[in-house]
Amino acid sequence: MDRRRFLRSGALLAVPALGQAQQLQLHDSEAALPPAVKALKYRIGEAKGITLAEREMRLARARELMAISTFDAILMAGGTSLTYFTGLRWGNSERMMCFVLPAKGNPFFVVPHFEEGRLRERLDTVPGGQNVRLYLWQEDESSYELVRKGLADGGVLTGTLGIEERTPFVFANEIARACPNLHLVDATPVVAGCRMIKSPAELALMRLACSITMQVYEAAWKSAHPGMTKRDFSSLCVRAYAHMGVVGETNCQTGPFSALPHGSLTPQVIKENEMVLIDDGCLVEGYQSDISRAWVYGKPTDTMLRHFDIVHRAQAAARDAARPGAECQQVDAAARKVVADAGLGSETFVHRVGHGIGMDGHEWPYLVRGNTTKLQPGMTFSDEPATFVPSEFGLRLEDDMVITANGAELLTAQSPSLEYPFGRSPSS
């Protein structure tokens with residue numbers, strides 16, 4: 001299970017009541033936490049969830065974009081976009097459940113008949129609530145024919161139906177067969193057009209997720225030491241996140257394994273004077289953080305220090321280039337120029353400088369060469385230049401940022417050094 005699925009599944013799982021034995025085990029686990037982790041505060045209570053009123057505005061905005069793209073309706077199955085527009089957390093199986101938003105008229109759901117009760121108890125999060133149309137299908141009936149019927153009942157007999165990009169192909173293919181008079185297209189202009197501009201409420205959740213991640217990282221850095229395995233380090237971070245009331249994880253890579261951009265499964269041990277590179281984040285009310293830090297316990301080499309300086313300046317250059325009206329590719333180019341001007345080849349900086357982030361860890365748009373999408377206030381990205389020296393070390397500095405009216409703002413402070421990545425000694 002990769003990090004994004006891990007975070008999402010953790011958010012969906014209901015936590016059962018703890019028995020006495022489990023409570024004692026949890027108490028023992030808490031007692032065994034290092035002092036820096038035990039000192040972390042429970043912060044999930046600071047989160048304010050997305051309101052029904054905001055989801056109503058999201059549907060209204062979707063309809064504005066549908067008019068521009070001349071869509072007659074859009075359809076989405078389970079996944080992040082369904083949660084974004086309706087508040088429902090619903091996975092996909094071979095049985096189709098979908099939400100359809102017509103350009104005019106009331107939206108509707110197509111759902112297995114035996115799931116009606118489970119859906120109805122959650123409709124309070126959906127704009128329209130208990131008045132939303134439901135089309136129920138039995139096991140021996142076609143759910144795809146009900147999509148056609150639902151659209152026809154709303155007057156959509158022909159035209160264009162946008163399909164959300166994460167909708168399983170089998171669903172889209174069978175809907176096309178059932179609706180031969182409809183033209184099926186990619187709904188990304190509408191869905192991404194809504195989701196990539198974050199509201200103040202969304203930004204507040206992302207700021208909280210980033211703040212929690214930085215506190216966990218610092219506590220883990222203070223608690224770790226040469227001789228600790230990467231697995232134990234990552235486990236410590238998971239426990240620290242739980243101590244603060246959220247689900248999160250950390251990918252820890254050490255020494256030459258840090259030179260692999262997404263790391264290695266090889267068992268590793270943190271060693272003195274070698275690079276430690278950590279990545280990932282946590283989930284707060286459905287919104288994610290994605291932060292990387294690099295450091296050395298002991299003395300960094302001159303080469304490490306040089307690479308840190310280059311990557312630090314590249315990260316700042318990307319931030320400075322990110323402003324309303326600039327193209328996504330210009331942000332990537334600004335960071336890449338710093339690396340190239342320092343005499344490092346393109347083979348050392350092998351991935352784009354950043355990706356959109358929000359409810360998904362990676363979402364539109366992407367800060368990469370060739371992407372001419374223009375930045376707008378409210379867009380959020382990772383800013384993560386890196387250099388990788390094969391068989392030696394890798395160094396990535398990553399913070400999340402938001403585009404403002406006048407430029408861009410990192411949601412967390414840049415790392416100041418390899419020796420003190422949080423600006424103070426581990427003992428302070």
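**View 1. The largest nonpolar core and its most connected members.** Within the largest nonpolar core, which holds 70 residues, Phe109, Leu119, Ile212, Phe233 and Val284 touch the most other members. Such a core is a set of buried Ala, Val, Leu, Ile, Met, Phe, Trp, Tyr and Cys residues joined through side-chain atoms within 4.5 Å; buried means under 20% relative accessible area, exposed over 50% and partly exposed in between, with a 1.4 Å probe and protein chains only. Helix α10 (residues 200-223) gives the most to this core, namely 13 residues. Helices (H or I, at least four residues) and strands (E, at least two) are DSSP runs numbered from the N terminus. The model is predicted: local features need pLDDT of at least 70, side-chain atom pairs count only at pLDDT 80 or more, and totals for chains, interfaces and linings use all residues. Residues are numbered from 1 along each chain as its sequence is written, and side-chain values use heavy atoms, with hydrogens and water left out.

**View 2. The surroundings of Val284.** Leaving aside residues up to four places away in sequence, Val284 touches Ile44, Ala47, Leu205, Leu208, Ala209, Ile212 and Val246. Contact here means heavy atoms within 4.5 Å.

**View 3. The open sheet.** Six strands, in the order β4-β3-β2-β1-β5-β6, make up an open sheet with mixed pairing. Two strands count as paired if DSSP finds at least two bridges between them. Because β4 (133-137) and β6 (182-186) each have a single partner strand, these edge strands have one side left without a neighbour in the sheet. From one strand to the next, the twist averages 25 degrees.

**View 4. Strand β5 and its two partners.** Strand β5 (residues 159-163) pairs with β6 in the parallel sense over five bridges, and Leu182 in β6 is the bridge partner of Gly159. The pairing of β1 with β5 is also parallel and has three bridges; Leu75 stands opposite Ile163 in β5. Four of the five residues of β5 are buried, leaving this strand mostly covered.

**View 5. A helix across the sheet.** Helix α7 (residues 143-153) lies across β1, β2, β3 (108-112), β4, β5 and β6, and runs at about 155 degrees to β4. Axes are lines fitted to C-alpha atoms, for helices over the stretch in contact, and angles run from 0 to 180 degrees between N-to-C directions.

**View 6. Aromatic pairs.** Seven aromatic pairs are found in a search of the whole structure. Rings of Phe, Tyr and Trp (its six-membered ring) pair if their centres lie within 6.5 Å; planes under 30 degrees apart count as stacked, over 60 as edge-to-face and the rest as tilted. Phe108 and Tyr135 form an edge-to-face pair, 5.2 Å centre to centre with 70 degrees between the planes. Since Phe108 belongs to strand β3 and Tyr135 to strand β4, this pair ties together parts that are 27 residues apart in sequence. Both Phe108 and Tyr135 are buried.

**View 7. A ring cluster.** Trp221, Phe233, Trp295, Tyr297 and Phe422 are linked into a cluster by ring pairs. Trp295 is buried, at a relative accessible area of 0%, and Tyr297 is buried at 10%.

**View 8. Charges over rings.** The charged end of Arg336 sits over the ring of Phe349, 4.0 Å from its centre, and Arg58 lies over the face of Tyr84 at 3.9 Å from the ring centre. The criterion is that NZ of Lys or CZ of Arg is within 6 Å of the ring centre and within 35 degrees of the ring normal.
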